[in-house]
Every structure is written in C-alpha cells, then in structure tokens.
Amino acid sequence: MEDYSQEDWGNHSQDLHGYPTDQDLDEIPVTKRTLKIKQESSEEAQKRDIMQNIVQILESVQLKWELFQSWTDFSRLHLSNKLAIFGIGYNTRWKEDIRYHYAEISSQVPLGKRLREYFNSEKPEGRIIMTRVQKMNWKNVYYKFLEITISEARCLELHMEIDWIPIAHSKPTGGNVVQYLLPGGIPKSPGLYAIGYEECIERPVSPHMERHSVDPGKEGRVDLETLSAQTSLQVEMEPARIIYCYLGIAEVRTLQQCLFLHFQANTKTFSKDWVGINGFLSQNCIVDPGVSPKSIYIKFVEVERDFLSAGSLVECLEKAIGYPLKFNN
C-alpha cells in the first residue's frame, strides 16, 4: 500500500466506480426506482440521525482537531489497537472553520485501522475525501477522536441501536395497586440495562383559533358537541418521548435478576421511605381510580462481566442523551 501525504493527493489520479449513471437510472422501471429511493432515503435519514448524535458527543467533550499529515499518523502505537468515537472534518480556502464530514463509533475495528480506510484512495471512504481535496473543494482534512472502553461502546450501542420494550401492567389488585408484568426473554447473563418512562408534553394551541358565531335563535344554549370539540383543541399533545431515568449494571447479578428486583419485588415490599429507582417504580404502582400509571420501558444489552467495571458508564450515557439520569445520582 502506497503512503500518500495530503500534498500528494492532488497529483494522484483516480477512477470512481460503482455509482449509478443517468443512463443506468433510465433503465430502472419507475416503480422500482421509487421504492429504491424511498428505502435509501429512510436509511440515509437514520444514518444522519446517528451521526448527528455522535457529533454531539464529540462536541460535548471539547476535543481538538488534528491535521491529517499522512497514513503513518494512524500506525502509531497509541492509535493502533484502541476503540474510539472519531470524527473527520475539513475546511476550505474560503472558510477556515472546520466542519464535520463524518463521525462514527469504532467499536469493532481498532481506531487506527478504521481511520486509514478514510484516507486510502482505494477505499470508498478515502476516495470521496481524496477527490474533494484534489478538486479543491476542501483545503485541509482533520480528525479527532475520544478513546472508549468496550463497556462504553456497548453503552452507546444500548442507546442508539437497541429499541425500548414497554412494560405491561396488571389490573388493579388490592384496591389501587397494579403490578408490572415483565416480558420473557430477558437474558440470564451480565450486561447493561436502562429504565425509562414516557413523557407527554402538552402545549397550548395558537390563539388564532377560529371563533364560531352564535345563532341568535339558540342564544343562551350550549352546543355540547361544539363545546367538546373546542375543549379538546385547547391543548395539543406533542409526540410522546421516552426519558431515560436509570442505567443499571448487571455485574454481580444477571440482567434478569436485576430487572426482577426492580419490577417484581418492590410491589410486594413497598415502603414510602424508599428512594431512587425502586421508590419511583413502587410509587408508580399506586394509582387513583380511572388514572393509569406512567408507561415504563426497559432496554438491555449483554456485556461480558470482565468489561463492565471499566469506563464511566453513567457519564457516557448522560453525554449521549444530553441530560442527567434522575436516579443514578
């Protein structure tokens, strides 16, 4: 493999292959082309959301950009075998501010190897970067990285790739107490788990609501249907979101045992003096007639026990979600 410095890129010829031309697109039936575009746009949107989250993490820890010099930068010992969150940036001759081109969590491939792929003209990632430097779209290319542990990598995977699982409730027993019904399939192995609850945000409707005129013949009478419709419009419900409130580490016990202790035992041994996550879950089981408890969710990921003690897992998740975990402090 040849070692190109950034100055050499402008003199290095390259071919771009594997991208559909207009002629290729003309040969694809319209229906198939539409489905393909929709599928690609959905995947691209998901990738963009994940990348934006990673960029927010990198920005929150205030790392400095390093100027790319040559591939030998990434062969150094301190980069060769580390896992990390990294970003690729660039500036132009017209604007010195460095902007993000790409960001990724390198949790399976060592950072040094992954970065070399982004500066190798024979790789798709490196070909894009080299072309933009060669065509003077970009002036310089930069990189930054934050080293992470295996457990922190799995914690970020828990946040960005694992879906929430809703926890069902039983019908009220003993008056006004409900019980949680944990799903099956919770692993009997060590790992990380998160508990969250659904938050519905109410917001007032814009004051520019249409006012209905009153029929003089019906003055003093109330149209119940109209009143009900207007009342329901007084408040708009924003889409519900799930708020993280607790990150658990199943190191001594298994994931199944830890979640059982949170959700099953506390309803039988409830105490008003309890605080923290168990107190929150227990209080949520006591409901007034006609009132439903908060919707509770869990997610979990298996992690080898030897890795769970490394890293700062709570701070890692808090940086990723952008707010503190209520019951981890």
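Q: Over the ring of which residue does the charged end of Lys 299 sit?
A: This is a predicted model, in which local features need pLDDT of at least 70, side-chain atom pairs count only at pLDDT 80 or more, and totals for chains, interfaces and linings use all residues. Residues are numbered from 1 along each chain as its sequence is written, and side-chain values use heavy atoms, with hydrogens and water left out. A charge sits over a ring if NZ of Lys or CZ of Arg is within 6 Å of the ring centre and within 35 degrees of the ring normal. The charged end of Lys 299 lies 4.7 Å from the centre of the ring it covers, that of Trp 164.

Q: How are the ring planes of Tyr 197 and Phe 280 arranged: stacked, edge-to-face or tilted?
A: Rings of Phe, Tyr and Trp (its six-membered ring) pair if their centres lie within 6.5 Å, and planes under 30 degrees apart count as stacked, over 60 as edge-to-face and the rest as tilted; nine aromatic pairs are counted by this rule. The centres of Tyr 197 and Phe 280 are 5.6 Å apart with the planes at 50 degrees, so this pair is tilted.

Q: How many residues apart in sequence are the parts that this pair ties together?
A: Helices (H or I, at least four residues) and strands (E, at least two) are DSSP runs, numbered from the N terminus. Because Tyr 197 lies in strand β8 (residues 191-199) and Phe 280 in helix α10 (residues 276-284), the pair ties together parts that are apart in sequence by 83 residues.
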